[in-house]
Structures are given as C-alpha cells and as structure tokens.
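The following explanation is intended to be read alongside the sequence and the coordinates. Please keep both in view while reading.

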Amino acid sequence: MLRILVRRFIEVVIFVLVITFISFLFVRLAPGDPVLSILQVDDVSITNEQVNELREELGFNDPLFVQYGDWFADFIQLDFGNSYLTNQPVMEMIMSGLPATLELAVGALLVMLGIAIPLGSLAALYRGSWIDQISRAVSLLGAAIPSFWLGLLLMDLFAVRWGALPTMGRDGFRSLILPSVTLGLAITSVYVRLLRSSLIDSLSHDFIRAARSRGISEMRIFFAHAFRYSLPPVITVFGVSLGSLIGGVVVIEVIFAYPGIGKMVVDSIRSRDYPVIQGYLLVMAIVVFMVNSAVDLSYRYLNPELRLKERKHGKWS
Amino acid sequence: MFRKSKSIFIVCLSFFLLAACSTESAKEQVGREKEVNLLFNFATSSLDPNVDTSYVSLRAGMTETLVHLNDEDLTIEPWLAKSWDSKDGQLWNFKLREGVTFQNGRPMDGKAVKASLERAMKDSPAIKNALRIESIEADGNALTIKTEVPFPEFPSELVHPNTSIIDVKESDYINKPIGTGPFAVSKFMPGTAVDLIRYESYWDGAAKLERARFSFNEDANARSLALESGDADIVFRPEVESLENLEAIDGVKVESTSTFRVHQMTMNLERKALQDIHVRKAIDALIDRSSIADTILHGHAEVAAGPFPSTFSFAPDYPKKENGMEAARGFLDQAGYKKVDGVMQKDGKPLTFTLLTYSSRADLPLIAQVFQSDAGQLGIDVKIKQIEIPEEYMAANRDWDLTTYSNLTAPRGDAGYYLNATYHPKGALNFSGADDDHLTSLIDKLNVTVEQDKRSDLAEDIAMYVDEQVYNSFILHPNTLVAYDAEKVKNWITSRSEYYMLTNELDVK
C-alpha cells in the first residue's frame with residue numbers, strides 16, 4: 001500500500017510539472033493579452049504607448065521560457081500570484097470558489113445516485129418491462145434536455161409558482177437543491193443505462209447461478225453479489241464525471257448565481273487573466289488526478305478478482 | 001434494507017417541510033424590515049472600489065466619488081468635493097465637503113482623500129492613466145492636485161467609480177471597504193450578493209431603507225424569474241422577450257432609459273475601398289436604423305445620429321442625410337461602382353466586405369446579419385466573421401473592413417474620453433486608423449481647453465467633422481431596462497450612467 005502511495009506521489013509531481021508547462025504554453029500562445037482589460041480601454045482614455053508600457057512591465061514581451069521560469073520560481077515558493085484584474089491572490093480566489101463548486105458537484109452526484117441506482121437496478125431486474133421503458137425514456141430526455149433550460153423550468157416551477165425554494169444564491173442548503181437537481185438530472189441518463197447493462201452482464205455470470213443453487217435469497221444475490229460486481233465500470237465513469245462536473249458546471253453556476261470556480265475561470269479566460277487560469281489548471285489537475293487515483297484504489301475493494309490476481313502476482317503482501 | 005429506505009424517505013420529507021417553513025419565515029422577515037433586493041447583471045468577487053470593474057461599491061451606495069454626474073442635464077456637479085477650480089487646467093484646487101465621515105466614524109478630510117486617491121492609482125493602472133496626477137497636497141479640507149499635463153477634463157474623470165474615496169486605514173478592501181455612502185457592508189458573498197446596512201451618520205441624511213441586498217445574476221432569464229418569484233424587487237436588464245410577461249404582473253413596472261453607449265459600424269480606413277468617402281457614405285445609407293431599433297431591440301433604443309446621445313450639450317444638430325437603398329446606390333455610383341450581373345463592381349473588381357462581430361452583446365451579430373442582407377440586395381457581398389474580443393482582434397489584425405462595435409461615448413459627462421480614444425492617432429480604440437491632421441489638431445485643442453462651454457463647442461465641431469467624413473457610422477443608443485415592483489419600491493430612479501443605484505432616498509411603501 002505504501003509503495004503504491006509513494007509511486008502515486010511521484011506520478012503526481014511529474015504530472016503537475018507536465019501539465020503546468022503545457023497549459024502555460026497553450027494559455028500564452030493564444031492570441032491576446034490581458035493589458036487591454038487591465039487598462040479598461042473601453043472606459044478610460046488610453047494611448048497605444050501606455051498599452052505597450054504595461055505589456056513590457058508585465059513581461060509579456062519576454063521569451064516564453066523566461067515567462068514560464070518566472071512563474072515556476074514563484075510556484076515552487078507556493079506563490080501563485082495575484083489576479084491581474086482584481087489584485088486578489090489567486091489561491092484565495094480559487095479556494096473561495098472551490099467549496100461552492102464541490103458542494104454543487106456532490107449534490108448533483110447524490111441526485112444522480114438517488115435516481116440512477118433504483119432506476120438502473122429495476123430496469124435490469126425487469127428487462128423489457130414498462131419500468132425498463134421508463135428508464136429508457138428518462139435517459140433519452142436527460143440527454144436531450146439542455147441543462148440551462150431544465151434549470152429555468154425548475155426555477156419557474158419551484159421558485160415562481162410554488163415559492164418553495166430560492167431562485168439563486170448560495171445561502172444555505174435550500175439554495176443548493178435546485179442547482180443540484182438540475183445538474184444531477186443532466187448526468188443521470190448516462191448512469192441509468194450504464195448500471196442497467198452492467199447489472200445485466202453480472203447477473204448472467206456463473207457465480208450468480210452458483211449462489212442461487214446455494215439457496216441464497218434473490219435480494220442478497222442482487223445487492224451483495226451482482227450489484228457489487230457491476231460497480232467498477234460505473235465508478236470509472238463516475239471518476240470522469242466528477243472531474244468534468246467540477247470543471248464544467250459553468251452554466252448552472254451562472255443561472256443560479258452559484259459562486260463556484262467554473263464561472264470564475266471562464267471570466268478569467270475571457271479577460272486573459274493568466275495567473276488565475278494557471279492556478280485553476282493546476283488545482284484542477286491535482287483534483288482530477290486524486291479522484292482518478294481514488295477510483296483506481298476502489299476497484300480492489302469492489303472486485304475480488306483483482307485482489308486475487310494481485311496476490312497471485314505477489315504485488316500485495 | 002427497506003427499513004433504511006423508509007428512514008431516508010422520512011428524512012427527505014422532513015427536510016422539505018423544514019425548507020417550506022423557512023421560506024415562510026424569510027418572507028415574514030422581509031415584510032417587517034424596510035429593505036430591498038436589487039438584482040444586477042454583473043457579478044463580482046471583490047468589492048474593492050478602486051479596482052472592481054463592476055463598480056458595485058458605488059452602485060450599492062457604499063462609496064462615493066469627489067464629483068457626481070447629474071443624470072438629468074448630464075453635467076458634473078459637486079459630491080464629496082464641494083467645489084473646484086483651475087486657471088491653467090493643470091493645477092487644481094478642490095474644497096471638500098465638511099462634516100463627512102467614513103462608515104467607521106473617521107472624518108473624510110484632505111489627508112484621507114489624498115491617501116485614497118494615491119492608493120487607487122497604485123493599485124489600478126487604468127485609474128493611474130485616467131487621472132494623470134503628478135502630485136497631491138492636502139491641507140485640512142483642501143486639496144491641491146497637479147496633473148502631469150494640462151488636463152481640462154480632470155474633474156469629470158473624478159466621476160469614475162474606481163476613484164471612490166475609501167478609508168485606506170481599513171485594509172479589507174475586497175470584503176469590507178469603508179466608504180462614505182449611505183450603506184455599509186454587513187456581509188459579502190463573492191459572486192452572489194452583498195448585504196448592506198444603513199449608515200446612520202450619513203452626511204446627506206440617513207437612508208430611508210434599513211437594509212438592502214445588492215445581488216448578482218448574469219442570466220437574463222433567471223433575473224426575470226427572480227422578480228416574478230419575489231426574490232428580487234428591482235432587476236437590471238431583464239430579458240427583452242420576457243418584458244410582456246413582467247408587465248402583466250400586478251405592480252411590476254418596466255423602465256427603459258437611454259444610455260451613453262453607441263452601437264456603431266467601425267470602418268477600417270486602411271482598406272482601399274473604404275478610403276473613398278462615397279463608399280463610406282453608401283455604407284452609412286444602407287444601415288436601416290429604425291428597423292434595427294424596432295425589430296432587434298424591440299424599440300428599446302434611440303436611433304443614433306452621431307456618437308453622443310442627443311441630450312448632451314456637445315451633440316450637434318446633424319444635417320439630414322440621405323438614407324436607404326437608392327441613396328446607397330447613388331453614393332456607389334459616385335464612387336465609380338456599377339452593378340454587373342448582380343454584383344457591384346469597379347474596374348472589374350467586386351465590392352466585398354469582411355464584417356466582424358462578436359457575441360458578448362447579443363444584438364450586434366443580428367445587426368451584422370441585417371446589414372449583410374441589405375448589402376446583398378445592392379450587390380455587395382458581406383462576409384461575417386465572428387470574433388471573441390473585438391479590441392484585441394481589431395488592434396492586432398487589419399484583414400477586416402467593418403465591425404459592429406459597441407462603445408461608451410461620454411460616461412463621465414465629457415466628450416474627451418471617446419474622441420481621444422477613437423479618433424486620435426495615439427488612441428487605444430482608434431481601430432479605424434483615423435489619422436487626419438485637421439481632426440487631430442481639433443482634438444489636441446480640446447485637450448487644452450479648460451472652460452466647459454468652450455469644450456462643448458469644440459467637441460460639437462469634432463463630432464460634426466467626424467460625421468461629415470463618415471469615419472464611422474453610428475447605429476443606435478441601446479436603452480437600459482429595469483423592471484421593479486412598483487407596489488413595494490418607492491423613489492427608484494433609473495440612472496442613465498448606471499452609476500447610482502442604491503441611494504439614501506430609495507424607500508419601500
């Protein structure tokens with residue numbers, strides 16, 4: 001276990017170095033720079049000389065490797081710099097937005113689990129029945145309805161017509177419900193179908209027939225054997241979803257004015273706020289890496305075959 | 001297993017019941033206190049008045065500037081500064097209002113204002129460039145400011161929200177700036193809202209509201225729904241398509257006020273075809289302004305004759321121009337173009353334009369399409385190219401002819417900003433590449449003219465000259481839309497500058 005953790009740590013260091021360098025190149029090679037935004041050219045009378053002076057001052061005229069070197073020198077001292085536009089420390093900005101995005105992602109995943117597990121399980125158990133048809137319809141609708149439209153519909157129903165929930169903001173648990181449900185419903189469709197097909201596959205295995213022949217109850221066979229066996233592919237997609245959820249909840253954050261990092265980074269990209277973009281990419285890379293590592297480790301506990309294979313090959317003591 | 005599911009079901013049910021109860025209690029509380037919730041269309045993660053480009057601290061009544069823009073006659077007037085004068089436009093004497101205190105009780109005196117302005121210039125390169133201050137001296141309630149060069153529009157630059165005066169001794173600028181306005185911050189939720197509480201010792205009389213919330217949502221549909229649900233009392237820029245629904249709600253009032261913004265057709269004068277004034281006049285004649293204002297902006301716009309809205313003292317009375325397809329054809333005829341096989345051409349070369357547009361202002365791509373269609377009827381092929389950041393693209397590339405561009409023209413009541421930025425060869429927004437000696441000398445003259453009347457006359461002359469030369473073509477001034485619950489909100493004024501929103505006069509019935 002320790003060896004695996006050490007290996008993972010080395011991997012993460014290499015991964016961070018590569019990702020920061022590549023992202024730095026991409027961000028800087030994209031056309032434009034933040035100077036026009038910093039100088040508020042659309043509001044303050046600025047001359048071209050002033051634009052060039054600031055460009056020089058911020059080092060944008062330096063070679064790319066020099067710019068990366070400067071950034072990296074600060075980075076190893078854990079200084080991620082300040083936003084060009086708001087002067088706020090980048091880490092402070094990310095850390096103030098990250099909890100909101102994480103709680104939105106977790107809320108959405110809970111909603112997804114609450115729908116996908118029962119619906120996917122029932123669809124697998126009663127294949128071809130009306131419940132299977134319903135699960136198919138839910139999946140199709142979930143995949144077809146755009147999140148922003150669903151969000152507005154839910155807002156209209158729960159906030160305007162029923163007055164039960166707030167339309168926006170991050171003001172306690174109640175304000176988390178509508179965005180979580182919107183986001184959760186949007187990702188449910190994938191899991192319902194995935195769980196269904198994975199369960200059908202595992203129910204057809206020999207060990208299920210063997211369990212039945214031993215007289216174990218159907219309920220126990222389903223939950224203790226088939227369900228557990230069907231989880232690894234679902235969890236793999238789950239890991240990917242969590243990464244994309246954290247990075248891609250922008251539309252939901254905008255509609256519900258939920259102050260996460262998704263919207264923050266889109267604004268930063270729009271105004272070429274390099275330190276914020278760079279800091280965000282780094283944090284996201286680490287989060288996604290950690291989630292994927294956790295997913296990898298979870299396979300061992302869900303799939304006994306993997307543990308057996310590893311024991312045979314002497315990987316575990 | 002089933003017992004567990006039952007427990008989860010009961011927990012969920014209790015949660016929803018509790019949620020419903022808390023909604024009731026929140027609504028009851030709103031009824032008891034004099035407060036409003038204003039929903040604005042830009043979010044901010046920082047309240048720093050000297051840096052934040054959403055200008056929330058000024059708009060929400062937390063901070064004030066030395067100079068105020070009068071929304072009715074569009075002139076500048078005293079605010080934290082009682083008076084000012086300068087003989088040469090370079091050395092300025094300001095007298096501050098007496099008896100003004102910051103929200104922490106400290107006096108707003110010359111020393112505090114000097115420290116605040118110096119901090120603004122240090123932290124904001126934009127403000128440093130806008131103010132061009134060389135030195136500030138403070139003596140009691142008097143300030144002597146020397147600018148780097150003679151700078152006659154200096155007082156009007158002090159209208160800029162980023163020059164807000166704050167107590168720099170309190171350093172939590174991001175979450176709790178201390179200003180002199182009628183409302184102080186009680187809680188800031190970055191990206192969501194700022195809760196405000198009345199500042200009892202406000203110099204102009206304590207606010208009528210006890211509390212206020214200034215919240216943000218960038219989605220226009222969601223803002224309309226917030227007004228419908230009662231979550232917000234005043235909503236900025238609701239979706240134009242939702243206006244009928246909103247107006248149908250009892251008590252909801254929609255106000256449509258013209259702004260200092262102009263949607264224009266920027267012309268690249270470095271392109272050969274556009275160097276001919278008749279071609280530029282043809283483009284100008286082809287723009288069907290009334291139809292664009294009526295169909296694309298649903299009537300919530302003023303047709304533009306020039307860059308400055310007609311209410312400004314420096315907006316000239318332009319001579320009536322020939323408009324429409326026939327007029328455009330006539331101008332092209334004068335430029336030597338003939339229609340051959342349905343294509344407008346000169347010396348065998350067809351007249352084609354590359355028209356840039358961008359989506360951050362949703363009406364601009366639509367205007368581009370209308371122009372493309374009208375030009376097509378005349379035999380001009382217009383290729384529309386969608387770009388992301390117009391300022392960057394236009395500055396770095398010259399492979400375009402026209403751009404639908406939106407520009408603020410006189411945000412602080414003076415024409416100097418727009419004319420310098422857009423028509424001076426050194427201006428950072430001179431994307432047309434205008435380099436006309438006569439025009440430059442007129443702008444240079446404006447830049448050393450101190451007297452306000454003379455400045456207005458000169459700005460009027462420059463606007464007239466730009467119009468004669470058709471260096472750019474002006475389409476319309478879009479309106480600001482505000483919807484609010486008129487049964488609850490009292491004394492709301494939709495300011496044209498959009499600088500002043502929560503005031504000490506704002507009240508609830």
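This is a predicted model: local features need pLDDT of at least 70, side-chain atom pairs count only at pLDDT 80 or more; totals for chains, interfaces and linings use all residues.

Residues are numbered from 1 along each chain as its sequence is written, chains are lettered from A and ligands numbered from 1 in the order in which they are written, and side-chain values use heavy atoms, with hydrogens and water left out.

Chain B contains 15 helices and 23 strands; helices (H or I, at least four residues) and strands (E, at least two) are DSSP runs numbered from the N terminus. The C-alpha trace of chain B spans about 80 × 75 × 40 Å along its principal axes. Of the 509 residues of chain B, 57% count as buried. Buried means under 20% relative accessible area, exposed over 50%, and partly exposed in between (1.4 Å probe, protein chains only).

Side chains of opposite charge can pair when their charged atoms come close. Across all chains, a search of the whole structure finds 42 salt bridges, each defined as a side-chain nitrogen of Lys or Arg within 4 Å of a carboxyl oxygen of Asp or Glu. One of them joins Arg196(A) to Asp132(A), with the closest N and O atoms 2.8 Å apart. Because Arg196(A) lies in helix α8 (residues 174-203) of chain A and Asp132(A) in helix α6 (residues 130-144) of chain A, the pair ties together parts that are 64 residues apart in sequence. Arg196(A) is buried, at 13% relative accessible area, and Asp132(A) is buried as well, at 2%.

In chain B, Lys114(B) and Glu118(B) form a salt bridge whose closest N and O atoms are 3.0 Å apart. Both residues lie in helix α3 (residues 110-123) of chain B, four residues apart, about one turn of the helix. Lys114(B) is partly exposed at 24%, as is Glu118(B) at 34%. A further salt bridge, at 3.0 Å from N to O, connects Glu505(B) and Lys208(B). This pair links distant parts of the chain, 297 residues apart: Glu505(B) is in the loop between β22 (489-490) and β23 (507-508), and Lys208(B) is in the loop between β9 (193-198) and β10 (211-216). Glu505(B) is partly exposed at 41%, and Lys208(B) is partly exposed at 32%.

Which residues form a nonpolar patch on the surface? Among them are Leu2(A), Phe9(A), Leu17(A) and Phe26(A), and the patch has about 970 Å² of accessible area together. Patches are made of residues with over 30% relative accessible area and no salt bridge, with like charges joined within 9 Å and nonpolar side chains (Val, Leu, Ile, Met, Phe, Trp, Tyr) within 5 Å. Accessible areas come from the Shrake-Rupley method with a 1.4 Å probe, and for residues only the protein chains shown count as cover. Leu2(A) is placed in helix α1 (residues 2-29) of chain A and counts as exposed at 64% relative accessibility.
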